[in-house]
Amino acid sequence: MTTLRVPPIPAVPAPAAPVAAPADAVTGHDDDLSVWPASTTRLARGDLAVGGVPLTGIAERFGTPAYLVDEGDIRARCRAYLRAFPDGEVLYAAKAFLCRAMAHWMHEEGLGLDVCSAGELELAVTTGFPADRIVLHGNAKSPQDLQAALRLGVGRIVIDSASEIARLAAAVPPGSRQKVLVRVVPGIAAGGHAKIRTGTDDQKFGLSITDGSAQHAVARILGQPTLELVGLHCHLGSQITTEKPFLAAVRRMVGLMARIEDQHGVTLPELDLGGGHGIAYRPGDESLDIATLGRKVRAELTEACAAAGLPVPRLIVEPGRAVAGPAGVALYRVLAVKRTSGRTFVAVDGGMSDNPRPALYGVRYVPRLVGRCSTAGPAPVTVVGRHCEAGDILASDVPLPGDVRPGDVLAVPVAGAYHLSMASGYNLVGRPPVVAVSGGHARLLVRRESLEDFRSRDVGL
């Protein structure tokens, strides 16, 4: 087993015993921790602990903004997926959040990886992750992506376009065969926002059943001696909170598998249903129950295959957000409070460079004041970032104590997915560090991006 070489860092002292406090004295709103990591506990003076580590201790020691991830929460979610799909294969979608430690945890918990670039692939493999348990995706794979996949020996490559077939076939070394899946567009609309619905014909991913593109790609692949077609793949979208679209996808994909067997005499052994499993960002939001999903999908697959006269293929799922998202917390420090005639703006030391998702998809978060008890009543505020964009808004019209002030620390739950992976260097504000917490200890996984990092890349005058 590969051991990560993480520099030793003194542990944050263990927190004092949890102390109950009135909800309005802690946060200024309903004290609901349902969307926080499972290890979250309330402490004295309005603080919270995650993984046994006080949030204010993280902010003081590592600075803000900062991301923290609860290692225990992530591992528990991996195990829940393996229980829900006991005879299948679970691939963690690395695009949600990837670092060396995350790849290491996935390996230890028995998950495979779904990567989208040579960069993600190389990081995972150099960490010690087995390449044969990695699947390469992407609607526009570069020559470098394909070369890295073949050189390192990835388990499967997902064919996403007709033009990719010949390019990949020609790149496979003589005497070798590369296992591939075909990404199929099943014509099912699902997902929490128009920009993250990928199962319909009006977007860039995959090959359509409706116009025959998927069937044509299958025939071409079967004619390539260097490619081995082992299954079909689909991905319906993201933030799906009901099982019904997945059940519909099973039926359509099994129907296509039956036609492939009739036309080509080939029985495909794998069916990959992708991910997109929805999580709650705010108390009361709907989320997808993974145990129920696993039970219903497996039953639907068995029934559909029996009706089609097919053996049941090995089922593959690709959760990303549902593994990493609920395990993360983002920490910010308030820099300014501006009260206008119609709105109160609370400006923090991060923003759209470390979380562009509210601007991209309208995602709504619930920040919370930590580290200070307030007796002020809650008041609606808009939490904004420090960047030169009017749309740099992290949370609109959320309740915070009416006396929120510069220097306060705000914590935002459900920040484990698509934060660091989508972070940018806008305004040359360095990307935040990632800190893992577990058992009362904190350790640095990814250091803060520095001015020297920016300077070292800027090589011309």
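Reader: How many bridges join E1 to strand E2, and which way do they run?

Author: In general, strands of a sheet pair through backbone hydrogen bonds, either parallel or antiparallel. Here, two bridges join E1 to E2 (residues 48–50), and the two strands run antiparallel. Strands are DSSP runs of E, at least two residues, numbered from the N terminus, and two of them pair if DSSP finds at least two bridges between them. Arg42 has Leu48 in E2 as its bridge partner. This is a predicted model: local features need pLDDT of at least 70, side-chain atom pairs count only at pLDDT 80 or more, and totals for chains, interfaces and linings use all residues. Residues are numbered from 1 along each chain as its sequence is written, and side-chain values use heavy atoms, with hydrogens and water left out.

Reader: What is the strand order in the sheet?

Author: It's an open sheet of three strands, E1-E2-E3, with antiparallel pairing. Strands E1 (41–42) and E3 (53–54) stand at the edges with a single partner strand each, so one side of each has no neighbour in the sheet.

Reader: Zooming out, how many helices and strands does the protein chain have?

Author: The chain has 13 helices (DSSP runs of H or I, at least four residues) and 21 strands. Its radius of gyration, taken over C-alpha atoms, is 23 Å, close to the 23 Å from the globule rule (2.2 Å times the number of residues to the power 0.38) for 461 residues, so it is as compact as a globular protein of that length.

Reader: What share of the residues counts as buried?

Author: Buried means under 20% relative accessible area (1.4 Å probe, protein chains only), and 55% of the 461 residues qualify.

Note on methods:
Buried < 20%, exposed > 50% of the residue type's maximum accessible area, 1.4 Å probe, protein only.
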